[in-house]
Amino acid sequence: MQPLPPLGPTRFRSPAERLLHGLEPARCLDGDGPQEWRRLEREVRRATGRERDFDGTVEVGGCSFPDREVADWSTAPHWREGHGVTWSAEPPTDAELALGLCHDEPRVRGAALGRAAGRSGLLPLVVSRCADAERAVREAARAVLAGALPSAGDGTVRDLVPIAVLGRPLRHGAGAWDLLLERLGRVPAGALAELADDADPEVRHAAVKTALRHGTFPPDRVAAIVADDPAPGIGLTALRRGGLPAERAAAFVLPGRSPEIRRESLELALRAGVATPARLAEIAAESRDPVVRRRCEEAVADLLADPCGEPPAADLLDALLDNSRSAVRAHAVGALRGAGRAHELRTHLNDPAARVREAARHELRAAGGNPAAHYRAACAPAAPEPAAVLGLAETGGAPDLPRLWELACHPEGRIRTAALCGLRRQGAATPEQLLPFLCDPHAPARRAVRSAVLPYARSRPASWLLALFAPDRPALVRMSALSLVEQHPMLVRRRLARSLTSHPDHAVRRWARRLLQQRLKWDLPAGVDAALKLIDGRGAPLDEAIDTEDPDAWAALDLGVRLLSDHERLSERAGTALCHPDGRIREAAVRAACGHPELLPLIVLRCADWAPRVRDAARSVLLGALRDAGPRTLRTATPMATHLRGRREGRWAVEAFEAALRDPAHAEVLTGLYRHHHLPTRRTAVRIGLEATPPTAAEPARRAAREPDAVLRHLWTDAALTALAAHGPDTAALDALLRARSGSVRAAGVTALRAAGRAGEAERHLADPAALVRSCARWLIGQRGGQGADAARAHYLRRCAEAPSPGAVLGLAECARREDSVVLLGLLGHPEGPVRAAAVAALRLLGGPGSRPEVLRPLLDDPAPAVAREVTLSLLPVAGLLPADWLTSRTGRGRPAHTRRAAVRLLAVQGSDDGLRAAVALLDDPDPALRRAALPLLRRWDWPATAERGGFDPRELRGLFRRYASENGWSESLRRFRGY
C-alpha cells in the first residue's frame, strides 16, 4: 500500500488496493501507459510477498486502527498446501485472476494462467508473464497468449505492443514480442516511433532498443535521439547501436552532451580515423570533460610522435602551439625541432605551464642551447615575467636565490607568487621566513606558502603561536598568526583568545572578543566525544577536551561519561572519575580532588548529586574551597553554581556562591562577572551587585543602553531610574538612556525627562521608531497643559507635510482622526520605501477607506519589501475577496522575491488550488528565503479540504504532497495528516 495518502476516497487508493477491492484491471490504473501495468504488478507482488508479516496503524482523529481495514491483503488469493489457490469465487473474477497473475508466489501465478484463457482484459498481464523468471509460468503464459492472438482484433493486438516492447529488453522478454510479430506479420514501426517519444524514460529506452534491433529508425532519427533525449542512457544506446557514420557521431563530442555520449563519440571518431590533430586540439580546448581532454591530448601526442608519419604542416603546428591546453602545446613544442624550427624554442621557455617549459628546455638542450642563461636575462629588474621567474627557480641554483628573494618583494602579485614557488622548490625558505606572506594581498601568493607554513604551525606549541602576537612583531606577522590560529580546533582557539582580549592591536583584540562571544553547542554527543578524549591512550588535558568556562560543557561531560559506563578506563582520570556512574567511585574522586582548582566545577556539580554521600562529600570540599576562595576560584566555579539553579539539589550551591559574592572583599570579582558570557551568571551577578551597593545613575544607564539581554536591560534601567529619583537629575545618565538602541530603555529616559526639568524635549521623541517611546512622549506633552493629543497631532501633521518619517507617520495614526486618512493616502506615493510601509501600517490602524483592498492592491507590486509585507498584513483579513488569478500571476519567477512571497501567503489564506501549486513550486526555487517561507505555509495547509474540493487530479495532488513530504519529512507529514 502506498504511504500517500493513508486514508481517503477510492480515487486516492493505490492501483493494487483498487484491484483488491474488486475493480476491473484496466480501471485500476492511474494512467494508460505500459509502465502502469508494470507498476501494478510490482505493488501486488510487494503486498503479497512473504516478508509482509506486520500490520501498520492508521490514525484518524483520536482513533487508530490497523491498515488492514483499508487494504486487507489476507483476503487476496494465496496458496494453501494440499488445497491450491484460495479463490473467493468460482469461477474467479478478472480482479482476482489479475491479483493471481501478479502474485509473489509462482504457483499462484501458474494457477491464474490456467484460468486466464478467453479473458481479454487480462492479456496485458499475460504478456508480462511471458517474461516471468519461472520457466513453467513463462511457458504457460506464452501458450495462453498464442491461443488468444489469432482470434484477437487488430486493436487489441496494437494495445499489447507497448507492453511487449517494455518487456522486450528483459532476459526472457523476447517470447511475447515474437508472438506479436508473428500475429502482425511485420514490425510495428509506427508504434515504436510513438513509444520512443513517450514521457516515461523506461518506455522510451525499451522502444529505442527494439527499434534499433529491427533497424526501423533512419540515421536522422537516431541522431535526434542522441542529441535531444534527456536520459543519457537512451542516447548512449542509440549512439552505440544506431550505426551512425563516424563523421556524424563525432559532432556529439562538443559540450552540452552527457559525459558518456561525449566519450563514446570521441572513441568512435578515433577508431574511424576521422579526427585530425587540429580537430582533436580544438576539442581538448573546448571540452570541460577531463576524460575527453586527456584522450584528445593522448591522440595528438600519438599522431605527432608517429615515426612513420610526415612532419606536421606549419599551419597545423602553429595552431597546436596556440592551443589553450598545456599538454597539447607541450607535444607541439616537442615537434618543433623535428620540423626544422628549433630557433622558436626560446619563445616557449616563458610559457605559463611548467609542462611546456620543461619540453622547451629539453628540446633547447638537445639543440645545444642554455635555458638558465635565458631565464637570468628574462628576470632583469626592469620587467620580469612570472613564467621566467618560475623557470629560473626550475633551472637555477644557489647563486640565483638572492634574486628570487628580491622578486618575492616585487609590487606585482604574480611575480611574488612565482618567486615564492621558486624558493619553496629550491628549499631555500623556512616556514618562519614564509610566515609574513600568509597575509599577502594576492591570493595565489598566500596559497603558495600555506602548504609549507600550516603543517609546521600545527606542530608547534601554543606558546609559539602566542609569541607571534607580541606587540613588537610586525603587523603582517600578527595577521598571519590569526590565520594560523583559525586552522586549530575551536577549543584551542578559545584558549588562545582569552589571552588576547586586551591586546593593544585593535584587530587582534576584536577577533578574540568576537570568538569568545560565540557559544558552543554542548549536547550529549559532544559530551561523549569529550569523555573519549580524556580516557584515550594519550589522555588530552581538560582544557583541550571541553570549554572549562562553559557550565554546559561540564554537564555534557557528566552525561557523556555516564553513557560510557562500560568503559574500563573511566576511573583512571580524575575528570571522568568525578562523573562515574558508580557512586563510591564518585565519592572517592571528590575527596581526592581537594586541592585541584581545575576540577572545582565538577565538585560544584557533585553538590547536586543524587547520592547523599557524594553530595555531602562535595559540599564539604566546596565549603573548604570557599573559605579560602580567591578571585580565580569564584570566577571559575560561579557559572557552574548558577547552572544548578533548576536542579533538585542545586539550591545549596547557588546560595553558597551568592553568599561569597556578597562579601565586599570580592567586589572586583562580582564586577568582572557582569561581562561573563554565561547569561545566568551575568544576571545573578548584576542582581547581587545592585542589591549590595546601589550605584549612581550614570553607570547603570550606560550599561542599560548597550546591554543585549532584555532582563538585564530592565534591571539596569530600574537601577538608573531609582538613582535618578534618589540623587536628582543626571544629564549624562539621561542622555545615555535616550541614546539606547532598545525602545523600552529610551521610553524610560523620556519618562524621566519630566523629573529632570527637561519636559520641553518631549517633542523631539514624538517620531521615535518605537511605539512605546512615542506614547511616553505624548504623555509628557499632555502633562504640560492638558492638550497633549491635539499638540501631538499637530506636530505629526506638520512632520508628515514637511519631512515625513516612519515614526511620524505611525504616530499620526495613533492619535489621528478619521479625516486624517487623506494625509496618509498621500504618503502612499512617497519616494522612500519605509515611509510608504509606515503609511500602509497607519491606514490599517486607522481603518476607513484607506484600508480597502482596491486601494492597497497596487502596492503589492511595490519595489520595497517592507511595503509588500505591510500590504500583506492589511489584506490578510480580506484575502478571500482578492482574485486568485491576479495573485497567481504574481508568483512567477519573473517577479521580485518579496512580491512572490506576499502573493503565495495570500493564496494560502484563500486555500485555493492555485495557491497550493504556487507554494509547492517555491520548494524548488533557487532563492533559499522563498524555500524557507513556503514550508510553514504548507504545514498549515488544509490538505483534506483540498482533496474533498476535487479541483485536483488525484495523481497531481499526490505528487504535490510527495514533494512537500520529502521536504518536511515523511514521519512528520504522516503524523500531521493521518486523516487525509
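**Close-up views of a predicted model**

**View 1. The lining of the largest cavity.** Thr638, Ala641, Thr642, Arg645, Val654, Phe657, Glu658, Leu661 and Thr684 line the largest cavity. A cavity here is a set of points, on a 1 Å grid over the protein atoms alone, where a 1.4 Å probe fits but cannot get out, and lining residues have an atom within 4 Å of a point. The volume of the largest cavity is about 30 Å³, taken as the space filled by probe spheres set on the points, with grid points joined across faces, edges and corners. The count of cavities of 30 Å³ or more comes to one. Helix H38 (631-643) and helix H39 (651-661) each supply at least two lining residues, and H39 gives the largest share, four residues. Helices are DSSP runs of H or I with at least four residues, strands are runs of E with at least two, and both are numbered from the N terminus.

A word on reading these views: this is a predicted model, in which local features need pLDDT of at least 70 and side-chain atom pairs count only at pLDDT 80 or more, while totals for chains, interfaces and linings use all residues. Residues are numbered from 1 along each chain as its sequence is written, and side-chain values use heavy atoms, with hydrogens and water left out.

**View 2. A nonpolar surface patch.** Leu524, Leu559 and Leu563 form this patch, with about 270 Å² of accessible area together. Patch members have over 30% relative accessible area and no salt bridge, and nonpolar side chains (Val, Leu, Ile, Met, Phe, Trp, Tyr) are joined within 5 Å, like charges within 9 Å. A salt bridge is a side-chain nitrogen of Lys or Arg within 4 Å of a carboxyl oxygen of Asp or Glu. Accessible areas come from the Shrake-Rupley method with a 1.4 Å probe, and for residues only the protein chains shown count as cover. Leu524 belongs to helix H31 (residues 524-535) and is partly exposed at 39% relative accessibility (buried is under 20%, exposed over 50%, partly exposed in between; 1.4 Å probe, protein chains only).

**View 3. Cysteines without disulfides.** The structure holds zero disulfides, a disulfide being a pair of cysteine sulfur atoms within 2.5 Å. Cys102 has its closest cysteine sulfur in Cys28, 10 Å away and too far for a bond; Cys102 is buried, at 0% relative accessible area. For Cys579, the closest cysteine sulfur is in Cys607, 13 Å away and again too far, and Cys579 is buried at 1%.

**View 4. A loop proline.** Pro91 sits in the loop between strand S4 (84-85) and helix H4 (94-101), and is exposed at 55% relative accessibility.

Notes:
1 Å grid on protein atoms, 1.4 Å probe; cavity = no way out; pocket = protein on both sides within 12 Å on 5 of 7 lines; lining within 4 Å.
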